[in-house]
Amino acid sequence: MASFQLTDKIKNFSLPPGLIGPVLITAIVVAAHLSFGILDGWQKFAIALAAACVTEAVLHKFVTGKWRNLSSAYISGNSAGILVRSPMLWPFALCAAISIASKYVFRYKGTHIWNPTNFGIVVMLLIASDSMAVLSIQWGSNMWAMAMIWLVGFFVISKVKLFHICAVYMVSFFAFAWIRSVYTGGMFLAEVAPITGPMYQLFVLFMITDPKTTVSTKNGRMLVAFLIALVEMFFRLGEAVYAPFYALFIVGPIALIIDKLWQERKAKSLSKSASVAR
Amino acid sequence: MNKEVQKKIAVTLIFLILVSIPFGMKKYEELTSDSFDADMEMAMERYGFFLEEVTQSIGVGFVHRRATVDEKLHHILPQISSVGASVTIVDFNNNGLNDIFLTNSEFGEKNALYKNLGDGTFIDVAQEMGIADLNIPGLGASMGAIWGDYNNSGYEDLFLYRWGKPELFRNENGHGFTRVTEEAGLPDHINANTAIWLDYNRNGYLDLFIGGYYHEDVNLFDLSSTHMMPDSYEFATNGGLNYLFENQGDGTFIDVSEKVGLHVSRRWTLASAAADINDSGFPDIILANDYGVDEIFINRNGEYFFNTGQEAGLGFIPKSGMSVAIGDVMNQNNFAIYITNISEAGVLMQGNNLWVPTRQRSGDIPRFRNVAGNMGVEIGEWGYGGQFIDLNNNGNLDLYVANGYVSDEPDTDYWYDYARVVGGNRAVIIDANNWPPMNNRTFSGYQTNKIWLNDGAGRFREVARSVGGDLNLDSRSVAYADLFGTGAMDLIVANQNQPVVIYRNHVTPDHNWIGFKLEGTKSNRSAIGATVILHRNGTTTRKFVSGGDAFSSQSQRAVHFGLGNEESIRSVEIRWPSGTVQTIDGLELNHYHKIIEATE
């Protein structure tokens, strides 16, 4: 009887949606660091995490007068802690702080328009490239570990019904990789190599699927994923090492603003037709 | 103004302050920097030394040529053949003067032995000595050399390592060299980029450590498969084996690598050094590994080595280890370890490591802490040889760090293509065919070497431009030696596919110094591994006799200490490899003192 209850509990167990992201990223960080030592050190990681949470808490309290749930800051801090590569401590803290602060500065119709970590990383590359880089090399040489992270990631993403974004982006990436290889005469494998690394795992699983900075419709999200891959192709042809971050930096907010305008127009036209009908 | 707008302005201000932090830091650095264009008078006054480039004027016209490997690798030749320019210092004819040996790598190109004529000029005698023509198809391309008296004859013998067959040459009383590779029993093929002499079992004969880079089954000149690149950028497991050849005392060596525990990993070893870092009396081995973590092999009573990189604190974060230097950087009578890595703005920021010993210790395993950032010697560029040298004889070890990978067509860059492949999975990165062609592109090229001056209070200051050492060739190996008998450490920098550069070091006459030329009796005659502890007035500092270190280099054999304005020393203590401890006092300054190991 007891074991039946336990099985039942396990079957019925589901994480609150707000915790899925933090739990997934924590699992990836812990597993990858214990296996391969992906972090530059726990100290640097902790500083990124702390800077993100403190900035979020302080700014949110200052702006709204209320304390807020820190799960989104926790994800941003994790991402900054993994993605920033620097022998110094301050770039970790600064990237996390800029990421969070951007949410309170660049807003359109009540919501922020950049994925915070994407914004933080791109700005850091512009202002502090002589002190930091971004994780661009692989975690270990074990194909199975990489495959496992993708599988777990996709499973979780599909639970929150955002897998279509990842799928469209991945398919587009491979298609554009083929086009690039034809255009440049380079090896197809060299073109697709980056997607087998951890930078893309974070990019695909956390950045382009960030619910706060994705558009409202499924078709729209798929179109945006395709456009990110398209713009990335041009950055890659220009030999930008961090092409996906730049592509999302450009496409993400434009798409969001267009989406907001379109929604507004749609709402207006709906209310207009409703008033005409009345 | 309403409250919401005020808040918006305040948040925007906070954001602007955050993004201006790096700019502010750079401005502050610029304002506090006292760098100036090379000026001998100013440099001597402010820093106590000045480097004068004298290569051609002293008769040295050596140019390194890189090896041409199998045509399957020609699309990435500059990065495959990115090493081989090495410099070592030897007094091959025992005339008391430091001579210079330089390796070349292209088949048909000759190595050079520049004999010091004692009048400030040098002449290449490698051909007549029989050690010039050593880059031969079928035998391999020279990568470096080390000198040590393996047969205790009183003359320094030459060990040359290649991508190919390693070679041992016996010194015939300074009149020539005889190839004794076969009778010594050395293997047929190692893709070596580092080797050191050490007497690991303290039996009085020098043993030979050789570090493998590419897998020993790979023949870079006749490739059977292109699957010979690292299988990971940070966790590679397919490098060459490391070897220890034990000197039998009769001119032969036996391979004891497996027995002593050196075959525990297959990392891509690029540099090595040996010193007694835990005061056990036995030399330990420190390895800088490319594509992975660095390693410390603690010598357990001359019986076996225990790999303790992680426990010692330096084997956890994988980087691209390129060079190992050992020195008492804080004058605390212990050894710190400096390992260069790769830093390229915006792409890869590994930072160099300066590992200083802490008070923590686990049995015979010392614990190290990386203080490179705190001391200001972290951010180099694409680092190679990093050497501790007291350049101004003030008693503090300074750092010379060679930088620069491949300087080719200006305003071109291979980093994007490189980053694509090294970010890929094992299946991609391991196959050279997947590496995009370099097409004459520059790859971390035209970088300037660093000269970091130690202020003795825990900070280093970069002074290369001001002291005349502004060199932006593709430097690899760096050695120091008193070439002109002035008591100053001159610099010899070997550059890949480029000419060697020699600097004469002018040091302020206000600074005193003392040097020791050691000769073992019970210990190996070269005294390699001896620790020299100098008891100064107020501080105690130590150095050791090196059998090769940094990147593919070996500096002068005589141990040299700068003393600043000190007029005397208390005593010098010599811990010979045999275990004998000898203390001498009343030594005159500004001289080299010959000290023979006490037999009683």
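Two residues are in contact here if their C-beta atoms, placed from the backbone, lie within 7 Å.

I am working on a predicted model, where local features need pLDDT of at least 70, side-chain atom pairs count only at pLDDT 80 or more, and totals for chains, interfaces and linings use all residues. Residues are numbered from 1 along each chain as its sequence is written, while chains are lettered from A and ligands numbered from 1 in the order in which they are written.

**Chain A overview.** I looked at contacts in chain A between residues at least 6 apart in sequence, and 72% of them join residues at least 24 apart. For secondary structure I used DSSP runs, numbered from the N terminus: helices are H or I with at least four residues, strands are E with at least two. Chain A has twelve helices and four strands. I called a residue buried if 20 or more other C-beta atoms lie within 10 Å of its own, exposed if 12 or fewer, and partly exposed in between, with C-beta atoms placed from the backbone. By that rule, 46% of the 278 residues in chain A are buried.

**Helix H4 of chain A.** I checked its length next: H4 covers residues 71-83, which is 13 residues, and spans 18 Å from first C-alpha to last. That is close to the expected 18 Å, taken as 1.5 Å times one less than the number of residues. Eleven of the 13 residues of H4(A) are buried, including A:Ser72, A:Ile75, A:Asn78 and A:Leu83.

**A:Ile157.** This residue is in helix H7 of chain A. Why does A:Ile157 count as buried? I found 22 C-beta neighbours inside 10 Å, so A:Ile157 is classed as buried. Beyond its neighbours within four places in sequence, A:Ile157 is in contact with A:Leu162, A:Phe163, A:Cys166, A:Leu205 and A:Thr209. I noted A:Thr209 in particular: A:Ile157 is 52 residues from A:Thr209 in sequence, yet their C-alpha atoms are 8.2 Å apart.

**Where A meets B.** I listed 45 residues from chain A and 42 residues from chain B in the contact. On the chain A side, helices H3 (42-64), H5 (90-105), H6 (116-127), H7 (143-159) and H9 (188-192) each supply at least two residues. H5(A) gives the largest share of that side, seven residues. The chain A side holds 28 nonpolar, 13 polar and four charged residues; Ala, Val, Leu, Ile, Met, Phe, Trp, Tyr, Cys and Pro count as nonpolar, Asp, Glu, Lys and Arg as charged, and the others, Gly among them, as polar.

**The core.** A nonpolar core is a set of buried Ala, Val, Leu, Ile, Met, Phe, Trp, Tyr and Cys residues joined through C-beta atoms within 7 Å. The largest one has 269 residues, and those touching the most other members include A:Ala48, A:Cys95, B:Val324 and B:Val500. H5(A) gives the largest share of this core, ten residues. I also followed B:Val500, whose contacts outside four places in sequence include B:Thr55, B:Phe62, B:Leu102 and B:Ile492.

**Strand S12 of chain B.** All five residues of S12 (243-247) are buried, so the strand is largely enclosed by the rest of the structure. B:Tyr243, B:Phe245 and B:Asn247 point one way, B:Leu244 and B:Glu246 the other. I count strands as paired if DSSP finds at least two bridges between them. S11 (207-212) of chain B runs antiparallel to S12(B) with three bridges, and B:Phe209 stands opposite B:Leu244. Three bridges also join S12(B) to S13 (253-255) of chain B, again antiparallel, with B:Asn247 opposite B:Phe253. In the hairpin of S12(B) and S13(B), five residues lie between the strands, and B:Gly249 takes a positive phi near 85°.
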